[in-house]
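Subject: Handing over a structure

Dear colleague,

I am passing on the structure below, and after it I set out what was found. Please keep it open while you read.

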Amino acid sequence: MATNDVIYGINGPVVTVRNTRTFSMMEMVYVGDSRLVGEIIGINDKLTTIQVYEETTGLKPGDPVYGTGTPMNVLLGPGIIDNIFDGIERPLKAIEEQSGSFISRGASVSSLDLDKYWNVKIKVKVGDRLDGGAIYATCPETAIIEHRFMVPPNLSGTVTKVEPNGKYRLMDTIVTLKDDKGEEHELTLCQKWPIKTARPCLNRLPATVPLITGQRVIDTMFPISKGGTAAIPGGFGTGKTMTQHQLAKWCDADIIVYVGCGERGNEMSQVLDEFSELIDPKSGRPMTDRTVLIANTSNMPVAAREASIYTGLTLAEYYRDMGYHVAIMADSTSRWAEALREISGRLEEMPAEEGFPAYLPSRLSEFYERAGRVDTLGGGEGSVTIIGAVSPQGSDFSEPVTQNTKRFTRCFWALDKSLAYSRHYPAINWMDSYSEYFTDLDPWFRDNLGEDFIKYRNMITAILHEESTLMEIVKLIGSDVLPDEQKLVIETAKAIRVGFLQQNAFHSDDTFVPLQKQKLMMKAILHLYSKAKHIIAAAIPISSIMDLGLFERLAKMKYDIPNSKPELFDELINDIDNALATLTN
């Protein structure tokens, strides 16, 4: 990679090179004697502009720039899972061993361990015809994830040579393929892929299967599909990171990719600590056995924030192509947008609303549109679900990042500061949030949980909306003037809020709740509401119903009835009937 190209100007992470014709757009380059990683983001007849993904302190005009001839890419192979990378897929554990607690500039460490041996099982034989995406070998990557080696999407041909089953390193050739032009290609245990190019699939599938999270306010009120997109907007302290942690721990995705984009270092440390200690309920193994962490903290170079999002997406698509269901948590896209704004300012581009670049909407759409449930090239089914946190300043949902994110996501889980401060978690506001997946997912809920589930959800939603209207009246004239029937609505809505929507992440039975229990909890609340409504119609005051303590019991049923004993709900409903019967006898 010899070069005659030298630095002409430096403006933070933006470096310019004068009078060059050797680079191409989006090419990955190495800048300076320290060989800092960068990417070509602009070329004209006078200057080539480079975005450097590392700290540029110490660079000076005249330092060399080395081209690679390839776009910004990541190395894909076994060893990704149970690893921690920075925004450009450098392994932080290996860098720590090399340079200590802080990443040194130009740290050159292979993304994956090139010397580790993997126990490989070959799946093809000489003479087999393989197309892009076909699986030619497998190996156990972790105790619960099988790594499937795939033919690169742009390659096809006939197998001419196969190595026996055994232990191989990442760069060892295990299968040789001859394409239709007669050229031979060696297939190893890894491949490279440009991070800003979406990996192809055979066919995109409709969003008809929900991503089960075990969080009642999400699964019941605002569900998301596998391959869907969701935004979690909220101001400081409203629980964005906490909500994403819960989803990462408990959703029924096979693999979790967690991208900490511009987040505080202590939050990422908390993620590492929690995930290493948590046991995956499905496998009994540590959570890290199915998790990839990308840590791009706020004290790391700002340009790498943009790359971290695409790096995480590419890793997610790679495992999707193996036939896995992957959920990617991006925390937060606002920090990513701020990086775009800073670099755009250094490039002297014309700013749009609040200083963000005019191309912010298109970048957000490119990101979220890479989600989806697909038929893979290899003949399986996989999905990438994207859940992005948004951090609007002062909880102002009218700011550009939140508003543009709403355009490209179909779930909007709006976090409420007043709910968070009253210790109601998840602090998802049921009036401001929405899901556009009901039409797609209701057939699945109907088939698996019955028509009653949808009916209960609609009734719960109606009560909450009626309460919201009544509370406006209460604020003006007080609750004493309301008729008992409307007081019943307020009491029932309180039971819904405290007993159903509020969830305790630290309680063994309440941190994850199966859909069947969610349905029975709604049934119990609505049963009391219906029975009490009839009693009030018979001129019995609501104070008599309140004295029975039934609403308090509903608020505690999430703790009192274990997930493994749904039959106890029948006893609860019988107790409600017996208690109310004392008022009518």
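A question to begin with: is Gly265 buried, partly exposed or exposed? Gly265 is partly exposed, since its relative accessible area is 34%, where buried means under 20% relative accessible area, exposed means over 50%, and partly exposed lies in between (1.4 Å probe, protein chains only). Gly265 belongs to helix 4, residues 265-277, and its C-alpha atom is separated by 7.0 Å from that of Ser298, which lies 33 residues away along the chain.

Before you go further, please note that this is a predicted model, in which local features need pLDDT of at least 70 and side-chain atom pairs count only at pLDDT 80 or more, while totals for chains, interfaces and linings use all residues. Residues are numbered from 1 along each chain as its sequence is written, and side-chain values use heavy atoms, with hydrogens and water left out.

The overall picture

The protein contains 16 helices and 26 strands; helices (H or I, at least four residues) and strands (E, at least two) are DSSP runs, numbered from the N terminus. Its C-alpha trace spans about 95 × 55 × 40 Å along the principal axes. Of the 585 residues, 54% are buried. Among contacts with a separation of 6 or more, 70% are between residues 24 or more positions apart, where contact means heavy atoms within 4.5 Å.

Helix 5 covers residues 303-321, and its 19 residues should span 27 Å at 1.5 Å a residue, which agrees with the 28 Å between its end C-alpha atoms; the expected span is 1.5 Å times one less than the number of residues. Because 19 of its 19 residues are buried, helix 5 is largely enclosed by the rest of the structure. Ala316 is found in this helix and is buried, with a relative accessible area of 0%. Leaving aside residues up to four places away in sequence, Ala316 touches Val257, Val326 and Val384, and its C-alpha is 9.5 Å from that of Ala371, 55 residues apart in sequence. Helix 5 is followed by Gly323, which has a positive phi, near 105 degrees.

Helix 12 (residues 484-501) has 18 residues and reaches 24 Å from its first C-alpha to its last, close to the 26 Å expected at 1.5 Å a residue. Its buried residues include Leu488, Ile490, Ala495 and Phe500, and the buried residues of helix 12 pack against helix 2 (216-221), helix 11 (451-477), helix 13, helix 14 (542-546) and helix 15 (550-560).

Helix 13 (residues 515-537) also packs with helix 10 (residues 438-449), at an angle of about 85 degrees and with the axes 11 Å apart; axes are lines fitted to C-alpha atoms, for helices over the stretch in contact, and angles run from 0 to 180 degrees between N-to-C directions. The two helices, helix 10 and helix 13, are therefore roughly perpendicular to each other, a term that covers angles of 65 to 115 degrees. Trp444, Phe445 and Leu449 of helix 10 meet Leu515, Gln516 and Lys519 of helix 13 in this contact.

Backbone details in the loops

As background, most residues other than glycine have a negative phi, and most peptide bonds are trans. Here a cis peptide bond joins Asp331 and Ser332, with omega about 5 degrees, and Ser332 sits in the loop between strand 22 (325-331) and helix 6 (333-346). A cis peptide bond also joins Tyr425 and Pro426, with omega about -10 degrees, and Pro426 is in the loop between helix 9 (417-421) and strand 26 (434-435).

The loop between helix 9 and strand 26 also holds Arg423, a residue other than glycine whose phi is positive, near 65 degrees; at 64% relative accessibility, Arg423 counts as exposed. Glu354, in the loop between helix 6 and helix 7 (360-368), has a positive phi near 55 degrees and, at 48% relative accessibility, counts as partly exposed.

With best wishes

Definitions and conventions:
Parallel < 35°, antiparallel > 145°, perpendicular 65-115°, else oblique.
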